[in-house]
Amino acid sequence: MAGDMTIDEKTNQRYDFQTVEKKWQQRWIESGLFEAEESPDPDKSFYMLEMFAYPSGDIHMGHFRNYIIGDAVTRYQMMLGKTVLHPFGWDAFGLPAERAAIARNIHPQDWTLSNIAVSRKTLQKVGISYDWSREIVTSEPDYYKFTQWIFLRMFEKGLAYRKRGFVNWCPEDKTVLANEQVVQGKCERCGTLVEKKDQVQWYFKITDYADRLTDDLDKLPDWPENVKTMQREWIGRSYGAEIDFTVEETGEKLPVFTTRPDTIFGVTFMAVAPESELLDSLNLDGEFAAKVAEYRRKALARSDIERASVTEEKDGVFTGKYAINPFNGEKVQLWVADYVLAGYGTGAVMAVPGHDTRDFAFARKYHIPIKVVIHPDKDTKLDAKEMTDAYTEYGVMVNSAEFDGLVGKDAIRKVTDHAEAKQFGRHKVNFKLKDWSLSRQRYWGCPIPIIHCQKCGEVPVADENLPVELPKVTNFQPKGRSPLADVPEYMNVACPKCGGDARRDPDTMDTFVCSSWYYLRYIDPHNENALMEKPKGKSWLPVDLYVGGITHATGHLLYFRFFHKFLHDIGLLDSLEPATKLFNHGMVCDGKGEVMSKSKGNVVSPIELIDQRGVDISRLGMFFTAPSEREVIWSEDTLTGVEKFVYNKIVALIEGYRSSAVDLKRYFKHADLSDDDWALYVKLNQTIKKVTESVERLQFNTAIAALMELTRDYSPDKTADDGLNDQVIVKTIQMLAPLAPHLSEELWEKCGFEFSVLHSDWPQFDPDAIVTDLINVAVQINGKLRHTVQVVADADQELVEAAAFESPKIQQYVADKTIVKKIYVPGRIFNIVVR
RNA sequence: GCGAGAGUGGCGGAAUUGGUAGACGCGCUGGAUUUAGGAUCCAGUUCCUCAACCGGAGUGGGGGUUCGAGUCCCCCCUUUCGCACCA
């Protein structure tokens with residue numbers, strides 16, 4: 001269209017972004033500007049990490065946002081004189097790739113590698129400051145060799161083990177899922193209701209690290225509070241007691257976990273989970289046996305989500321058996337009920353209807369007695385007959401034999417101590433966190449380096465025989481067991497121990513295993529003999545800033561910490577935590593406020609945007625819309641303002657440049673400059689301060705706003721001093737380097753400086769020039785603004801007061817009133833309190 | 001239900017520690033220039049009242065602390081996210 005042509009012509013005259021951006025991207029790559037040195041001084045190093053990408057197609061707006069944040073920080077840190085490691089790689093194994101490959105009838109590897117090629121090209125077109133010489137792909141043997149190496153170290157320590165048990169099973173994907181991959185009872189990837197299946201699976205014993213994973217959150221002040229809270233809740237540590245009830249007939253122990261041992265005398269029944277193996281050993285009598293069996297079958301068939309429904313009425317079946325309370329020898333009914341969770345505590349509970357809401361509801365339904373053993377305080381008594389719900393607060397123990405009168409935490413301690421002394425109970429800490437189920441019955445993943453031998457059992461593959469390579473097979477349709485099981489060339493091997501016939505483990509690892517340690521491989525990506533040389537790790541670790549979306553709070557970020565601690569324990573790492581600071585950027589949403597996603601079909605392509613407006617305008621638009629942690633509702637309108645700023649202000653700056661051989665370190669004195677020039681100098685320094693603070697906080701929106709203000713106030717015609725004039729221009733260009741890098745390099749070169757602007761020092765503000773000589777002080781009457789007075793910057797109260805009372809308006813307000821108080825906040829306000 | 005955030009003009013958002021609410025930008029209104037503009041420049045733009053000045057109200061609602069509250073405290077509403085029978 002004719003109109004568009006005109007606009008293009010105009011902009012091209014001044015700044016042809018396509019040529020300029022390509023030019024600098026080539027320069028960056030040719031010069032190796034972002035290739036980090038091997039082992040820098042740890043004090044001068046900065047490890048900038050963004051969550052690597054799942055290559056499911058080309059990159060989208062969310063990626064774009066994530067990476068430009070990391071890019072801006074990288075460039076800023078370089079200007080602060082840091083050696084920066086800023087790598088990138090691909091989380092290449094996994095279900096989505098396999099599913100996509102099946103749908104397109106191609107091999108997952110081909111699909112994955114072609115996606116990587118496309119995305120890499122896009123990232124290079126965006127000019128992100130990655131050190132491409134360190135790129136990694138988790139599905140390549142030279143990478144997963146060390147995924148397997150870590151697995152074997154875990155195996156040696158007993159932290160990787162197999163057990164039979166109920167697992168989350170996705171019937172659609174035909175594979176096991178970790179608890180972290182089940183969202184609201186559904187498969188995180190495909191949304192199918194997850195079923196329970198009794199299977200032998202590999203697990204990582206992350207529960208051994210539960211305490212440390214919780215405690216060490218306190219050592220992470222620069223992690224967002226919400227992520228820490230989510231992790232704490234997910235780990236779910238609770239302190240209580242384990243108390244051994246016994247089955248009346250057999251005397252078999254029936255331990256239960258409780259956080260409220262102080263309510264032990266209020267137990268009126270017991271309940272076990274339908275999954276409980278105890279039920280098999282009870283020798284139930286005919287009528288009860290049938291009912292219990294029927295109930296168990298039904299309960300197990302229901303999904304977790306149905307069972308967990310709070311609105312659902314609790315139900316259960318009496319087993320006909322009784323249990324004995326060790327504290328008072330009392331006999332209580334033993335029930336099976338599906339509100340008892342098999343996977344938590346001992347899979348059995350002591351039920352105290354008087355003081356637990358769930359037990360109360362259950363007891364009411366089945367007419368089981370309710371007993372009060374806690375009173376709110378000495379003067380407030382409860383009556384079981386009048387209660388409409390359980391009293392669950394702490395209080396005073398009553399009807400509890402020798403424990404009567406004990407209160408709250410003290411009561412809990414003494415009751416548990418008693419149980420311990422009598423050897424029928426003990427203090428106990430319990431966790432919600434369960435071991436990480438890591439084996440997957442799918443093809444596209446890292447093979448498990450274990451060989452199963454009839455004679456020798458689970459035999460690890462020797463380190464020198466790693467990697468166990470994933471065979472390239474053509475049939476990898478999911479069928480409920482690993483497709484690898486049907487590949488005899490892969491499966492059949494000699495046992496490394498006895499040399500007899502043996503079979504490989506047919507499963508592959510959860511992709512989250514691959515992504516739990518990738519940040520370490522970047523440090524030493526081409527090392528064939530070791531995961532990473534330890535001294536190199538010392539140069540860079542821990543990661544200084546880790547940027548990604550909030551979605552990984554209880555999955556990846558927990559595994560990531562677990563692996564780091566494990567590798568620390570086996571001596572590879574010095575640090576206890578992988579990343580000092582974590583930053584979660586906000587989502588990118590469409591105009592309706594919905595998150596952009598492929599499935600919703602509302603994605604805006606960053607590639608198209610960049611082709612039309614250029615990388616720098618796109619970056620500035622994204623940065624300017626909102627601070628990095630908040631969601632962005634993407635709109636092209638955002639670009640209008642930054643585009644004007646770039647073309648009319650920034651690009652135009654160069655026209656006023658005077659080539660004065662500017663001294664960037666020079667601090668001016670007021671006496672050196674005219675009043676107008678001094679005001680500009682102050683503005684420049686205020687801007688440097690503001691931009692620095694904003695960039696430090698990743699609030700690029702206010703950094704851009706400050707630069708807009710500065711360039712608005714600057715005009716070359718009005719600036720008398722050449723040195724000052726050029727300082728304003730050059731420092732503006734420097735401050736722009738993290739935000740609009742191509743533009744900044746171009747202008748830096750036009751000013752006659754050597755490549756690269758990133759080698760120049762980030763501007764420092766002149767502390768003597770951040771306040772103007774004359775300032776406005778607000779004058780308030782009773783806290784209401786009534787007037788402002790202009791005074792010298794260091795004015796004392798006397799001066800401000802005199803100026804204020806000169807005003808007829810103020811005089812009017814205080815006339816025939818009594819001045820009660822006068823408050824002066826230097827440089828800000830003067831408040832007169834009258835009555 | 002529990003836990004953690006958030007709620008500021010027509011819109012995106014500013015306002016480290018309590019100290020002139022609405023920076024910066026979009027949009028809108030008026031003007032200039034132009035054959036024309038979705039270009040550029042200038043002015044205005046929280047709401048109410050007013051010709052104007054002056055004044056009044058104002059950061060989801062209600063209360064409180066304070067000379068002074070968007071910011072701190074209490075109650076409530078809305079909303080986002082997380083967890084969801086964890087004994």
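Let's start with an open sheet of four strands, whose order is E32-E31-E34-E33 and whose pairing is mixed. Helices (H or I, at least four residues) and strands (E, at least two) are DSSP runs, numbered from the N terminus, and two strands pair if DSSP finds at least two bridges between them. This is a predicted model, in which local features need pLDDT of at least 70 and side-chain atom pairs count only at pLDDT 80 or more, while totals for chains, interfaces and linings use all residues. Residues are numbered from 1 along each chain as its sequence is written, chains are lettered from A and ligands numbered from 1 in the order in which they are written, and side-chain values use heavy atoms, with hydrogens and water left out.

**The mixed sheet and its helix**

Strand E32 (784-792) and strand E33 (819-825) are at the edges; each has a single partner strand, so one side of each lacks a neighbour in the sheet. On average, and with direction ignored, neighbouring strands here are turned by 20° against each other. Helix H25 (residues 797-806) packs on this sheet, touching E31, E32, E33 and E34, and its direction makes about 120° with that of E32. For such values, axes are lines fitted to C-alpha atoms, for helices over the stretch in contact, and angles run from 0 to 180 degrees between N-to-C directions. Contact means heavy atoms within 4.5 Å. Strands E31 (residues 774-781) and E34 (residues 829-834) run parallel and are joined by four bridges. Gln780 stands opposite Asn831 in E34.

**Around the RNA**

A residue counts as near if one of its heavy atoms lies within 4 Å of the molecule or strand. Of the atoms of RNA strand B that come within 4 Å of the protein, sugar and phosphate account for 60%. By class, the residues of this surface are 18 nonpolar, 15 polar and 20 charged. Here Ala, Val, Leu, Ile, Met, Phe, Trp, Tyr, Cys and Pro count as nonpolar, Asp, Glu, Lys and Arg as charged, and the others, Gly among them, as polar. Helix H22 (residues 700-713) gives the most to the surface, with six residues.

| Residue | Protein atom | Atom of RNA strand B | Distance |
|---|---|---|---|
| Tyr339 | polar backbone atom | sugar or linking oxygen | 3.2 Å |
| Lys644 | polar side-chain atom | phosphate oxygen | 3.1 Å |
| Lys821 | polar side-chain atom | phosphate oxygen | 3.5 Å |

**An antiparallel sheet and a hairpin**

Another open sheet has four strands in the order E6-E5-E9-E19, with antiparallel pairing. Strand E6 (175-177) and strand E19 (436-437) are its edge strands, each pairing on one side only. Strands E5 (residues 160-170) and E9 (residues 195-204) run antiparallel and are joined by 10 bridges; Ala160 has Phe204 in E9 as its bridge partner. Two bridges join E9 to E19, and Tyr203 is partnered by Ser437 in E19. Helix H6 (residues 141-156) lies across E5 and E9, running at about 90° to E9.

There is also a hairpin, in which three residues join E22 to E23. Strands E22 (residues 450-453) and E23 (residues 457-460) run antiparallel, with four bridges between them, and Ile451 is the bridge partner of Val459 in E23.

**Helices that pack on H19**

Two packed helices are described by the angle between their axes and the distance between the axes. Helix H3 (residues 61-79) and helix H19 (residues 615-625) have axes that come within 10 Å and cross at roughly 95°. H3 is therefore roughly perpendicular to H19, a term for angles of 65 to 115 degrees. On the H3 side, the residues that meet H19 include Phe64, Ile68 and Ala72, while Met622 and Phe623 are among those in H19. This contact has seven nonpolar, one polar and three charged residues.

Helix H18 (residues 606-613) packs with H19 at an angle of about 120°, their axes 7 Å apart. Leu609, Ile610 and Arg613 in H18 meet Val615, Ile617 and Ser618 in H19. Four nonpolar, one polar and one charged residues make up that contact.

Key:
Parallel < 35°, antiparallel > 145°, perpendicular 65-115°, else oblique. Polar contact = N/O pair within 3.5 Å; in protein donor to acceptor, adjacent residues only side chain to side chain.
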